[in-house]
Amino acid sequence: MVEDKDRPGFFKDYHRAVRKAISNDQFNEFSKLKTNDDRIRFCFSLPAIHDIDIKPYFRGKSEKEALEKKEAGNKCFGRKNNLEALRLYSQAVVKAPVPSGKYWKLIKESADPKKMTMYAICLANRSAALYHLREYHYCVKDIDEALEHHYPKELKYKLYKRKARLLSHMKQHVEARDAYRQALKWLDWAKMEREKRIEHQTDIQKWLKMYETGKVVKNWDIPECYIEHPPVIPELTGGRNERFLSASKKIDIHYDNNMGRYAVASEDIEPGDVLVTEQPFASVLNREEFGSHCQKCFKTTKAPIPCKKCSSVLFCSVECRQSSYFHTIECPILDLLVGSGMSINCFLALRLVTQKPVSYFLDMKEKLNEEDLKEITNNKEVYDPSDFMRLYNLVCHSQFRTAEDLFHRCVMIVFLIKALKKTKYFDGKGSSSAYPLFKDKGDKINDVELFIGSLLLRFLQIVQFNAHEVSEFYLMSPRSLDGSKNETLGAAIYPTLALFNHSCHSAQVRYFSGQQVITKAIRNIRKGEIVPENYGQSFPSKNKIQRKAELADRYWFECNCEACQNDWPMYKDMDTSTMRFKCHKCHGPLNVNTEQLLNPFIKCEKCGDQTNILSTLKNLQNTEQTFKGACKEMETYNLEKAEALLIENLKQLEACLYPPYRDYHLTQEAYMKVCLCQGNIRIKQPKTEE
Ligand SMILES: C[S@@+](CC[C@H](N)C(=O)[O-])C[C@H]1O[C@@H](n2cnc3c(N)ncnc32)[C@H](O)[C@@H]1O
């Protein structure tokens with residue numbers, strides 16, 4: 001679990017070597033240790049654990065590559081292949097050294113103007129491609145970023161003119177007028193013939209005059225610019241829960257000794273009800289998505305803004321870059337961590353640390369205590385998912401862990417602490433001098449590092465049971481569901497959603513807006529019943545043995561959900577010759593062989609009452625019509641109408657039939673697809689000609 005089985009790295013050998021180097025007696029000694037502090041201290045004292053050379057390692061910038069990409073971009077731009085030009089300019093932007101901090105000082109000294117302006121020029125060129133692609137929002141951001149980073153003053157008038165034009169397209173007339181004023185001002189620095197200068201001046205003044213007289217808006221026939229609309233976050237059904245702030249009022253959390261905490265319906269829940277909307281406490285993007293998604297908010301971006309130091313990490317905006325404290329810590333060791341082969345969950349555990357300075361945790365030190373989980377039912381405190389203590393008290397099952405498991409994790413923690421020591425993480429406020437309470441012990445692990453290591457060890461256990469995948473829906477073409485699929489973007493931790501237990505009979509669909517999770521009910525759940533989540537083991541697609549084995553292995557519990565207890569068939573094995581009607585009295589199943597349907601009165605095996613299924617059969621005909629209608633709406637990407645019809649269909653089926661049955665499963669699948677389209681969406685990009 002601490003290693004990525006699909007991407008093995010050097011950690012595997014490192015762990016093996018450390019494990020091999022200790023005697024049985026030493027391992028016995030380790031297995032008797034009771035606290036995380038003691039375990040980490042023990043591992044840190046092993047000579048073999050220091051047999052590793054840990055250095056900062058990350059992919060930096062390259063002027064040469066930036067220049068090559070920029071020139072290739074210029075060629076495409078000249079041929080009016082703006083899409084390909086955009087792609088190449090983006091690569092140039094990512095590779096170009098950003099004039100800031102130490103690097104800026106160096107190049108200032110070397111006084112090479114080309115080096116100083118490379119980043120800004122690549123951005124400016126990209127803004128031209130974006131302008132022609134009518135991506136005005138991205139274009140204006142690129143211009144601003146270029147102007148912030150030493151764009152040559154003799155060319156500034158050009159950028160301001162472009163900015164003014166596109167702000168007009170965006171109907172931001174005050175800003176457009178100001179940009180024209182700036183263009184006029186910077187024209188003085190431009191190197192050009194007198195006549196050319198006068199031509200520009202006249203043009204700019206013409207526009208300024210039009211703004212002053214208010215003519216500009218009326219007479220201009222400009223195509224609408226492309227605007228991206230973020231997915232809408234729906235309201236929680238029944239309103240926000242006063243105690244569990246991310247959940248609907250229809251949810252309550254209970255506790256029992258076997259199942260721990262779990263969600264229960266405090267009112268009847270129907271298909272389509274919005275049950276949870278929650279921001280993650282921490283999140284990590286998959287390595288594969290680094291080149292296409294924002295590291296901070298997971299949005300796709302057509303014009304990425306790179307990290308100022310490395311060329312591996314991108315952001316969707318300057319704002320996201322500025323607010324990514326975690327990356328300033330991880331940046332110098334990013335490729336070291338990737339090369340270690342550590343799993344996404346391990347990255348998530350590390351992110352729980354690197355997203356906050358050491359001082360944040362040190363200030364919390366005295367408050368860190370393990371809550372009694374059953375207190376969830378007794379105390380009535382507000383459960384705020386942004387409260388660190390909620391995260392800290394998610395299940396980690398440390399009492400059931402083997403010494404081997406803990407040792408494996410401790411070796412990873414030592415590696416992570418050693419790597420963090422190569423960053424600025426333990427400097428500044430968090431250092432032992434700022435916190436005199438903590439004494440530095442030279443080469444050995446000091447108390448601050450030990451404290452952070454212990455937290456990391458806890459987080460590493462928490463993420464195993466509580467992390468969720470974050471995904472986006474991938475469309476092969478705009479407004480079409482043909483061939484669409486859900487794809488994983490990364491992992492995140494949601495402290496409220498993490499309180500929901502599992503059932504193989506899914507009750508909710510999860511989708512994401514950025515990283516915010518939204519869940520909706522996909523079936524009826526009556527008041528008092530458990531509201532389950534699905535941990536990726538769903539009865540229609542996997543058999544019971546496989547599901548149970550995987551749940552036991554990954555989540556350490558034996559699943560006894562209705563589907564497991566009754567060995568419900570997988571979708572492919574569902575028997576179409578038998579229908580499972582619902583008893584009108586106890587709602588239990590009435591199995592009816594459709595070929596022998598002579599008598600409409602069916603006796604319930606559970607309660608003994610008889611149900612007349614004639615009206616149910618008639619209702620079932622209506623459900624077919626509703627489903628066909630929904631499919632038609634899906635074909636034309638009419639999501640709102642499709643959703644309404646599918647919810648109606650689910651309710652109709654729910655009133656007549658008892659699971660498992662094919663039609664209900666198909667409707668649920670269709671409904672989940674429609675929900676997924678309401679969240680993060682990525683559309684396959686057309687191939688460029690070159
Ligand atoms: C994400 S947590 C769910 C909340 C957890 N019950 C708690 O008390 O915080 C996952 C853990 O809950 C327990 N769990 C989840 N589903 C369960 C189920 N159907 N039956 C028993 N235990 C379950 C397992 O211990 C599992 O490792």
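**View 1. The ligand shell holds 12 nonpolar, four polar and one charged residues.** Ala, Val, Leu, Ile, Met, Phe, Trp, Tyr, Cys and Pro count here as nonpolar, Asp, Glu, Lys and Arg as charged, and the others, Gly among them, as polar. This is a predicted model: local features need pLDDT of at least 70, side-chain atom pairs count only at pLDDT 80 or more, and totals for chains, interfaces and linings use all residues. Residues are numbered from 1 along each chain as its sequence is written. Of its 17 residues, G260, R261, N501, H502 and F557 come nearest. Strand 2 (260-265) and helix 21 (447-466) each supply at least two residues. Strand 2 gives the most, with three. Helices (H or I, at least four residues) and strands (E, at least two) are DSSP runs, numbered from the N terminus.

View 2. Of the 690 residues, 42% count as buried. Buried means 20 or more other C-beta atoms within 10 Å of the residue's own; exposed means 12 or fewer, partly exposed lies in between, and C-beta atoms are placed from the backbone. Among the contacts with a separation of 6 or more, 69% link residues 24 or more positions apart. A contact needs C-beta atoms, placed from the backbone, within 7 Å.

**View 3. Strand 1 (residues 251-256) and strand 2 run antiparallel.** Six bridges join strand 1 to strand 2. I251 stands opposite A265 in strand 2. Strands pair here if DSSP finds at least two bridges between them.

**View 4. Four strands form an open sheet in the order 4-8-7-15.** Pairing in this sheet is mixed. Strand 4 (282-285) and strand 15 (681-683) are the edges, each pairing on one side only. From one strand to the next, the twist averages 40°. Strand 7 (residues 467-475) pairs with strand 15 in the parallel sense, over three bridges. In that pair, F473 stands opposite I681 of strand 15. Helix 16 (residues 344-354) lies across strand 4, strand 7 and strand 8 (485-493). The helix runs at about 135° to strand 4. Axes are lines fitted to C-alpha atoms, for helices over the stretch in contact, and angles run from 0 to 180 degrees between N-to-C directions.

**View 5. The largest nonpolar core has 172 residues.** A core is a set of buried Ala, Val, Leu, Ile, Met, Phe, Trp, Tyr and Cys residues joined through C-beta atoms within 7 Å. C122, A183, L348, M412, V414, L456 and I493 have the most contacts inside this core. A183 touches Y157, Y160, K161, A164 and I204, leaving aside residues up to four places away in sequence. A second, separate core has eight residues, including C504, F539, C561 and C564. In soluble globular proteins, nonpolar side chains tend to be buried together.

**View 6. Strand 9 (residues 508-513) is largely enclosed by the rest of the structure, because five of its six residues are buried.** Six bridges join strand 9 to strand 10 (residues 516-521). The two strands run antiparallel. Y511 has I518 of strand 10 as its bridge partner. Two residues lie between the strands of this hairpin, where G514 takes a positive phi near 65°.

**View 7. K171 and Y637 each have a positive phi of about 60° without being glycine.** K171 lies in the loop between helix 9 (156-169) and helix 10 (173-186). K171 has 13 C-beta neighbours inside 10 Å, so it counts as partly exposed. Y637 sits in the loop between helix 24 (614-635) and helix 25. With 14 other C-beta atoms within 10 Å, Y637 is partly exposed too. Most residues other than glycine have a negative phi, and most peptide bonds are trans.

**View 8. A cis peptide bond joins P659 and P660.** Its omega is about 0°. P660 lies in the loop between helix 25 (639-656) and helix 26 (662-676).

Methods: Two residues are in contact if their C-beta atoms, placed from the backbone, lie within 7 Å. A residue is near a molecule or strand if its C-beta atom, placed from the backbone, lies within 6 Å of it.
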